[in-house]
Amino acid sequence: MTQTATESSTEKILRRPSEDPDTISGGHLVAKALKAEGVDVIFTLCGGHIIDIYDGCVDEGIEVVDVRHEQVAAHAADGYARITGKPGVAVVTAGPGTTDAVTGVANAFRAESPMLLIGGQGALSQHKMGSLQDLPHVDMMQPITKFAATVPHTTRSADMVSMAFRECYNGAPGPSFLEIPRDVLDAEVNLADCTIPAPGRYRASTKSAGDPAAIEALAALIARSEKPAILLGTQVWTGRGTDAAIEMVRTLNVPAFMNGAARGTLPPGDPHHFHLSRRYAFDNADLIIIVGTPFDFRMGYGRRLPQSATVVQIDMDYRTVGKNRDIDLGIVGDPGAVLAAVTRAGSSVNRKAWFDELRHEETAAYQKRLPRQLSDADPIHPLRLAHEINEFLTEDSIFIGDGGDIVTFSGGVVQPKAPGHWMDPGPLGTLGVGVPFAMAAKYARPDSEVVCLFGDGAFSLTGWDFETMVRFNLPFVGVVGNNSSMNQIRYGQKRKYGEARERVGNTLGDVHYDKFAQMLGGYGEEVRDPAQIAPALRRARESGLPSLINVWVDPDAYAPGTMNQTMYK
């Protein structure tokens with residue numbers, strides 16, 4: 001055969017499409033848009049519809065972390081956003097790949113977490129023909145996202161990714177969804193025909209300080225108040241407003257309570273930090289300021305706030321302010337910017353008597369619970385486990401709670417020591433976030449210790465991705481509070497239907513999760529003696545591996561929060 005000067009057929013096969021400097025594929029446009037947003041990792045499970053995105057990510061220096069279930073990919077993207085403040089990204093294939101990720105997207109939606117899910121789709125040329133894994137993804141995703149759309153042409157790939165990111169930050173943050181048909185993603189187009197938004201030039205600042213008149217009004221209310229209280233909610237951390245919140249409560253001398261991701265805004269021991277006296281404070285306060293948390297079930301839909309108090313609500317979303325309960329003053333804006341403006345407009349007031357009153361209630365509640373926290377009972381009381389975990393945490397430990405009753409116990413005991421060091425599912429109450437949140441946290445902050453408390457039921461949902469933690473060398477200290485039950489539901493059934501029917505559909509096997517960890521290449525240890533919890537935690541830390549400490553806890557101990565849930569009454 002005569003060799004010609006033209007490119008051989010073999011060379012044509014080996015040449016990657018992106019090597020032509022004048023053309024680019026849809027997948028590479030997507031990767032360029034991710035890079036422009038500052039994305040450095042995607043969480044994914046492979047599928048034929050989406051592999052050109054992987055090729056683009058390799059070229060752009062974006063790491064591809066492949067997991068074992070698409071729900072994990074979506075939860076990890078959510079967790080990455082919470083830890084870093086940047087939007088997380090999950091990429092999944094069409095059909096069941098996208099539907100598997102729905103739970104993770106829904107959780108991010110209720111938790112107001114900015115993430116982008118990219119889903120594959122059958123080729124446009126096969127639209128409505130019954131292509132492989134074809135489903136109406138956009139229709140399914142619209143109710144649980146801030147933006148959901150199909151990329152209609154390859155040239156639109158990059159600018160629609162940027163559009164989706166922009167919508168993630170429209171008002172309160174949340175998830176967006178894009179589906180990209182296979183032929184759109186794989187096609188090559190002229191680079192000159194594409195719009196690739198430049199970094200930092202397609203999104204405006206969201207740091208609105210609210211109505212200046214409302215700021216002045218709130219400053220005046222605080223100055224006149226004898227017994228104010230402020231609840232700092234998740235948006236304080238989401239908007240990275242913790243420094244402003246700290247300055248506000250200290251400068252204006254206001255007792256502060258924290259929930260959700262705002263836990264840790266003030267460290268334990270700070271004179272303005274209160275935790276166990278919230279009900280007492282709200283019952284007796286003359287001014288209650290709710291920042292970045294809605295009047296949802298966690299707040300009794302606002303009914304737990306007395307009508308005698310002046311109530312102020314600050315939120316990033318106009319629709320949330322005044323929802324479910326009338327308020328005296330509402331401010332829409334970024335919590336950090338609003339609180340900073342209030343600090344500048346306000347003045348400090350001596351409230352020693354009020355602080356002493358709350359501290360007395362705080363101490364009394366702690367002393368009442370302390371015997372159970374230090375209990376040597378066999379089986380182990382969940383409060384003892386929570387106590388040992390709290391004592392184990394360092395100044396830089398990120399704590400993740402994934403479970404029902406066991407995590408409810410921990411909420412009253414475990415105190416993160418800095419902002420951004422507490423993670424839980426949020427108001428959707430999704431079980432199974434623990435491993436993916438740990439994955440995201442350890443990837444984003446490799447030098448920080450990650451500690452995750454699981455219920456045994458919660459771990460079972462996404463636990464196979466413990467192997468992903470091993471494969472990517474992401475060590476963390478995992479603790480399974482094992483009572484062989486879905487105990488939060490068991491309590492409700494016992495209360496409603498009696499002991500004879502309390503174990504219908506909620507009892508699990510006695511699983512040795514320590515052996516599961518060992519099987520997958522991690523560190524595992526079993527604990528039945530409460531005195532051995534602390535040594536086991538230290539050994540897990542020292543192992544340098546992903547770990548599971550399987551702690552057998554009392555199945556007949558129920559958290560007060562579980563017993564007080566209105567659904568059981």
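**Close-up views of the predicted model**

**Figure 1. The second largest pocket is lined by 18 residues, of which Pro268, Leu276, Tyr366, Arg369 and Gln415 lie nearest its centre.** The model shown here and in the other views is predicted: local features need pLDDT of at least 70, side-chain atom pairs count only at pLDDT 80 or more, and totals for chains, interfaces and linings use all residues. Residues are numbered from 1 along each chain as its sequence is written, and side-chain values use heavy atoms, with hydrogens and water left out. On a 1 Å grid over the protein atoms alone, a pocket is an open set of points with protein on both sides within 12 Å along at least five of seven lines, whereas a cavity is a set of points where a 1.4 Å probe fits but cannot get out; lining residues have an atom within 4 Å of a point. The volume of the second largest pocket is about 400 Å³, a volume being the space filled by probe spheres set on the points, which are joined across faces, edges and corners. Helices α14 (352–373) and α15 (382–392) each supply at least two residues of this lining, and α14 gives the largest share, six residues. Helices (H or I, at least four residues) and strands (E, at least two) are DSSP runs, numbered from the N terminus. Four residues of the lining are nonpolar, nine polar and five charged; Ala, Val, Leu, Ile, Met, Phe, Trp, Tyr, Cys and Pro count as nonpolar, Asp, Glu, Lys and Arg as charged, and the others, Gly among them, as polar.

**Figure 2. The largest cavity holds about 50 Å³ of space.** The count comes to one cavity of 30 Å³ or more. Its lining consists of Met258, Arg263, Gly264, His273, His275, Gln415 and Pro416. These residues divide into two nonpolar, four polar and one charged. Gln415, a lining residue of this cavity, is also one of the residues nearest the centre of the second largest pocket.

**Figure 3. Helix α15 is largely enclosed by the rest of the structure, because 10 of its 11 residues are buried.** Buried means under 20% relative accessible area, exposed over 50%, and partly exposed in between (1.4 Å probe, protein chains only). The buried residues of α15 are Pro382, Leu383, Arg384, Leu385, Ala386, His387, Glu388, Ile389, Asn390 and Phe392. In the loop between α14 and α15 lies Pro379, which is joined to Asp378 by a cis peptide bond with omega of about 5°.

**Figure 4. Helix α13 (residues 335–345) is likewise largely enclosed by the rest of the structure, since eight of its 11 residues are buried.** Those buried are Pro335, Gly336, Ala337, Val338, Leu339, Ala341, Val342 and Thr343. At the start of α13, the backbone nitrogen of Gly336 has a side-chain oxygen of Asp334 within 3.2 Å.

**Figure 5. Glu37 makes a polar contact, side chain to side chain, with Arg203 (2.7 Å).** A polar contact is a pair of N or O atoms within 3.5 Å; within protein, one must be able to donate a hydrogen and the other to accept it, and residues adjacent in sequence count only if both atoms are side-chain atoms. Glu37 occupies the loop between α2 (26–36) and β2 (41–44) and is buried, at a relative accessible area of 11%. Not counting residues up to four places away in sequence, Glu37 is in contact (heavy atoms within 4.5 Å) with Pro87, Phe165, Tyr202 and Arg203.

**Figure 6. Ser162 belongs to helix α7 (residues 157–168).** Ser162 is buried, with a relative accessible area of 1%. Leaving aside neighbours within four places in sequence, Ser162 touches Ala33, Pro197 and Tyr202. By contrast, Ala204, in the loop between β8 (188–190) and α9 (212–224), is exposed, with a relative accessible area of 63%.

Figure 7. Most residues other than glycine have a negative phi, and most peptide bonds are trans. Glu112, not a glycine, has a phi of about 60°; this residue is in the loop between α5 (96–111) and β5 (115–121) and counts as buried at 18% relative accessibility. Asn324, also not a glycine, has a phi of about 80° and is placed in the loop between β12 (310–315) and β13 (329–332).

**Figure 8. The mean pLDDT of the chain is 93, and 96% of its residues reach 70 or more.** Residues 1–15 have pLDDT below 50, and beyond near neighbours in sequence this stretch has four contacts in the model. The pLDDT is the predictor's confidence in each residue, from 0 to 100. Where pLDDT is low, the predicted coordinates should not be read in detail.
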